[in-house]
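User: I want to learn how to read charged contacts in a model. Where do we begin?

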Amino acid sequence: MRYVETEHSGGTRFRLFPQLPSLDQKQEPETVWVSSPAGSLLPGPADHRMYVIDPVGKERAYGYYPTPSGATFHYRPPWDGPVLPEAHPDPEGHFDHLEIGTYAFEQAHAFGAIRFTMDIWEHYFERRLEWHFQDHYERLEILFLRGLDNAFAGFGSIEIGSYTLKTGELVEFGLSFDILSHELGHLIIYNEIGLPGKVEVNGEYFGFHESAADMVALISLLHFDSAVVGLLESTSGNLYSFNRLSRFGEVSNSSQLRSASNDRTLYEFTDGWAYEHDLSQVLTGALFDIWIDVFHENLLRGDLISEELEDLSDRLEGDPDYHKIIQPLFDEAYARNPKYFADALVESRDYMGFAMASVWDRLTIETLDFADVYETFLEVDDAMTGGQYHRIIALNMERRGIGVISAGPRLAPPDESSHAFSSRTDVPDDIPHRCGGRLPFRMLREIAQIR
């Protein structure tokens, strides 16, 4: 079921957690293969596209900072200070031997998650994906900033922090496949569609950007066999239930950073919006509903569910009694054909993956808004299926106001939580091409003292 072509072409093995291990202590990582040929990866891990380091003494995220002289300094990669020991491959060149709970395992997990996600989306785009910073840096720097209460994708880097639960437990984002693939999603969109600030953009671009990164994470998640099987076993295919697919960026068993299954609409934002994460849920919710409806159509075509069940599921969506009525019917249907349910889910996953890649490939930053995504999706579905899912796309987009109204203006300037509009993503004007742009370690200490 999983996209595992690299297994048959000499790829490199990693063990990855589809779900944060702190959410289920009994969970084991799943072995995956990435496209880097076995034996080609250096300690770090590192290859020709990306490398991992675990800095010692780095106290600030990359970005713009004031200097003691009153000027502004652009603090950017690469880090050339001291680092913790790197993760090393085994004699055959694989990284699936590392002990869980060590820095080396977390370093390998971060690399494996990002490389695995890159492989998945190069498969959907059917071409190599480039970096938006490729004229300046040849490789992506993946680095840990332990204590950073976030994870950031920026110009030449992905910085990985952690999250402290109310219980005091520390959740390391280096073990969160959701968050790592989401951050790579930002970098994909920067290159494929463009950077805000370079051109005038519609405000909905920022919500789109977060939504696209969410879709990268959601679709990538279902390339784990354990995620497909676990999802179906826990829901029997009733994916509107509160499940692993509809919750992502999870930090505990009961909370998550965003939910794909939501009832947000553009009508909530006609007077304006402040946070692109909130605005993005409108588009993500519409795309998630389209995905589930395509899955239901696959089940229906395969005689795995009845027309009555599919119709009832549509009519009762949003009803407080939905799960009480629908879940037993899905339980019965899934028990009869679990393998074919999995096949139908993977087919819907790949439809969404190829569709999203094709939509993003056609969008331009100058005109991009949610309605543009809607119209382009219809064009892509024409090319992929002859318009088989037009009704589904239109229904789910328009009931959220997409293509009907537009969001109002941004009501407040972006803050540090903004990923799509940030100085971290800027392409500097003062940096020579193909250089490191190294910041002296002396200056790092000086900046770190500024409060």
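Analyst: Begin with burial. A residue counts as buried when its relative accessible area is under 20%, and as exposed when that area is over 50%. Keep in mind that this is a predicted model.

User: Is R400 buried or exposed?

Analyst: R400 is buried, because its relative accessible area is 2%.

User: What does R400 form a salt bridge with?

Analyst: In general, look for a Lys or Arg side-chain nitrogen within 4 Å of a carboxyl oxygen of Asp or Glu. Here R400 pairs with D289, and the closest N and O atoms are 2.9 Å apart. The pair links distant parts of the chain. R400 sits in the loop between α10 and α11, D289 in helix α5, 111 residues apart.

User: Which salt bridge does R399 form?

Analyst: R399 also pairs with D289, with the closest N and O atoms 2.4 Å apart. R399 lies in the loop between α10 (390-398) and α11 (441-448) and D289 in helix α5 (residues 276-301), so this pair ties together parts 110 residues apart in sequence. R399 is partly exposed, at 39% relative accessible area. D289 is buried, at 2%.

User: How many salt bridges does a search of the whole structure find?

Analyst: The search finds 20. One of them joins the side chains of D96 and R13, at 2.6 Å from N to O. D96 is in the loop between β5 (72-75) and α1 (103-125), and R13 is in strand β1 (residues 12-16), so the pair ties together parts 83 residues apart in sequence. Both D96 and R13 are buried.

Technical notes
Residues numbered from 1 in each chain as written. Predicted model: local features only at pLDDT ≥ 70, side-chain atom pairs only at ≥ 80, totals over all residues. Heavy atoms only, no water. Helix = DSSP H or I, 4+ residues; strand = E, 2+ residues; numbered from the N terminus. Buried < 20%, exposed > 50% of the residue type's maximum accessible area, 1.4 Å probe, protein only.
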